[in-house]
Amino acid sequence: MRTRTSLLAAATLLASGLTPLALAAPAGAATAKYAEDFNGDGHRDLALGDQLATAGGKKQAGAIVVVWGTAKGPDPAKRTVITQNSAGVEGAAETGDRFGAKITTADMDKDGYADIVATSPGEATGANRGTFTVLWGSRSGFSGGSSYAAPAGKEVGFALDVAVGDFNADGRPDVTAVDDEYVWFLRGPFTKSGSRGKATNLDPVDGEDINPHLVVSGKVTKDGTADFAVIGYDVDTRSHRVWFYKGGSGTPARSKKTGLPASSEIVGSTAVIADFDKNGHGDLAVGVPRSGKGGAVHVLKGGSTGFGTAKSYSQNTSGVPGVRESGDSFGHDVSAADTNGDGYPDLAVGVPCEVIGSNLFRAGALTVLRGGSGGITGKGARQYDYGTAGVEGDPAEENDAWLGTSVLLRDFDHDGRAELAATANEAGRLHLLPGTASGPTGTGSVLLTPGELGLGARPFFGGALAD
């Protein structure tokens with residue numbers, strides 16, 4: 001069933017600027033309860049970055065859409081579109097900025113309203129490229145945005161990926177930003193005036209030790225402090241590695257590195273940290289869509305000193321639907337949350353190039369792997385695609401939809417079971433699947449197009465969901 005209630009009416013209210021909402025109840029002075037509650041009304045909101053969006057006539061300038069949450073989940077009729085031309089947002093929309101290429105969320109200034117941290121890998125800043133912007137949440141929606149460039153004159157692209165957490169235990173959120181050569185630790189506080197704390201390069205050989213591809217944060221040890229992991233290429237051993245940085249008082253220290261199973265390429269990989277077995281240590285799941293034949297997800301069990309040896313999951317794993325085939329891109333994106341209310345986080349895996357049936361080339365699919373006392377398992381895994389009842393799309397005509405390009409699990413309606421959001425970028429679609437006691441379902445799912453999201457009518461988009 002497709003939900004279109006009030007979409008056309010809402011579209012007349014949307015522009016590339018910030019769209020005010022009815023005032024929510026005031027947030028408290030403490031950090032926002034949910035990292036996705038941007039207006040402090042007690043409901044998670046849904047944020048989507050579209051790096052291919054045209055803004056101010058500039059192609060691939062990029063935009064971010066927020067679908068505002070309610071007690072029943074995100075309401076497609078209540079949306080805000082933000083670009084670098086929006087009032088109060090530092091910078092300007094320019095061709096190729098790709099604002100919103102990657103987004104994450106956190107209450108950066110601890111005012112009770114969650115904020116969005118969005119990368120712009122194409123932004124020109126003198127000899128460098130790349131920035132990230134903090135869009136500040138407020139009672140009425142968003143109140144501008146502050147931009148942050150490379151801390152030093154290193155002629156590389158800055159902030160290809162970012163992670164947020166209080167890594168030095170001083171009570172203020174920090175940012176770790178990686179590029180092709182450096183790992184930057186940027187201390188808080190981050191302020192609406194555009195200031196931040198001291199920056200430190202954590203790659204001790206000045207870019208000759210790690211070639212990082214992505215960074216992810218979470219609580220891995222049991223000390224309650226946020227940690228982070230950098231995934232990239234080890235120049236010394238000529239292999240792909242995970243570097244674990246333990247949070248704590250002072251500058252985070254690299255305490256352990258762990259190898260990843262052989263893969264010809266990890267560019268484009270994604271990762272998430274979650275305690276899949278509920279033993280108090282966060283585990284690391286790394287999606288490697290180009291690993292071997294068809295892609296894989298490597299899960300590294302967390303411990304007091306970092307991560308252990310990886311265990312790999314693919315469509316050849318017992319219980320996982322489908323068959324591992326060349327080019328499936330299993331693991332193109334990953335996200336974690338409890339989908340069935342049993343208390344264990346589960347893992348959503350995007351498979352955007354999955355062939356459905358005998359002739360639907362790159363139609364795409366979503367796979368949910370269950371967490372439990374033994375960690376992630378293929379037992380009870382489920383697949384969702386255009387043949388799933390309730391998921392809108394003609395199962396005979398969905399070539400090159402790329403369902404599963406980006407995935408997100410979050411409990412938007414407060415029932416203890418996460419809903420599943422997923423993009424089909426080549427088809428230009430955002431799907432929202434409700435959560436149930438047995439996991440996500442296609443029944444009652446919602447489908448939105450770029451035009452319905454206020455991004456302009458076009459057949460595809462660069463949708464990336466915040467995680």
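Is Asp-223 buried, partly exposed or exposed? Keep in mind that this is a predicted model. Select Asp-223: its relative accessibility is 39%, so the residue counts as partly exposed. The cut-offs place buried under 20% and exposed over 50%.

**Stop 1: around Asp-223**

Asp-223 sits in the loop between β12 and β13. Show its contacts next. Leaving aside residues up to four places away in sequence, Asp-223 touches Lys-246 and Gly-247. Asp-223 and Leu-260 are 37 residues apart in sequence, and their C-alpha atoms are 26 Å apart in space.

**Stop 2: the sheet that holds β12 and β13**

Select β12 and follow the sheet across. Its 4 strands run in the order β12-β13-β14-β15. The sheet is open, and the pairing is antiparallel. β12 (210-218) and β15 (253-259) are the edge strands; each has a single partner, so one side of each lacks a neighbour in the sheet. From one strand to the next, the twist averages 25°.

Zoom in on β12 and β13 (residues 227-234). They pair in the antiparallel sense over 8 bridges. To find one of these pairings, select Pro-212 and look across to Gly-232 in β13, its bridge partner.

**Stop 3: another open sheet**

Move to β8. Here 4 strands lie in the order β8-β9-β10-β11, again with antiparallel pairing in an open sheet. Which strands stand at the edges? They are β8 (161-165) and β11 (199-201), each with a single partner strand, so one side of each is left without a neighbour in the sheet. The twist here averages 20° from strand to strand.

Select β10 (residues 183-186) with β11. This antiparallel pair is joined over 3 bridges. Trp-184 has Asn-201 in β11 as its bridge partner.

**Stop 4**

Now select β25. How many of its residues are buried? The count is 6 of the 6, so β25 is largely enclosed by the rest of the structure. In a regular strand, side chains alternate between the two faces of the sheet. Colour the two sides of β25 separately. Glu-419, Ala-421 and Thr-423 are on one side, while Leu-420, Ala-422 and Ala-424 are on the other, and all are buried.

Val-407 stands opposite Ala-422 in β25.

Leu-420 stands opposite Leu-433 in β26. β25 and β26 make a hairpin with 4 residues between them. Click on Gly-428 in the turn: its phi is positive, about 70°.

**Stop 5: the second largest pocket**

What do β3 (73-82), β25 (419-424) and β26 (429-433) supply? Each gives at least two residues to the lining of the second largest pocket. β3 gives the most, with 4 residues.

Show the pocket surface. The space inside is about 380 Å³. Its lining has 18 residues; Lys-72, Gly-73, Pro-74, Pro-434 and Val-446 lie nearest the centre. Colour the lining by residue type to finish: 9 residues are nonpolar, 5 polar and 4 charged.

Methods. Residues are numbered from 1 along each chain as its sequence is written. This is a predicted model: local features need pLDDT of at least 70, side-chain atom pairs count only at pLDDT 80 or more; totals for chains, interfaces and linings use all residues. Side-chain values use heavy atoms; hydrogens and water are left out. On a 1 Å grid over the protein atoms alone, a cavity is a set of points where a 1.4 Å probe fits but cannot get out, and a pocket is an open set with protein on both sides within 12 Å along at least five of seven lines; lining residues have an atom within 4 Å of a point. Grid points are joined across faces, edges and corners, and a volume is the space filled by probe spheres set on the points. Ala, Val, Leu, Ile, Met, Phe, Trp, Tyr, Cys and Pro count as nonpolar, Asp, Glu, Lys and Arg as charged, and the others, Gly among them, as polar. Two strands pair if DSSP finds at least two bridges between them. Axes are lines fitted to C-alpha atoms, for helices over the stretch in contact, and angles run from 0 to 180 degrees between N-to-C directions. Buried means under 20% relative accessible area, exposed over 50%, partly exposed in between (1.4 Å probe, protein chains only). Contact means heavy atoms within 4.5 Å.
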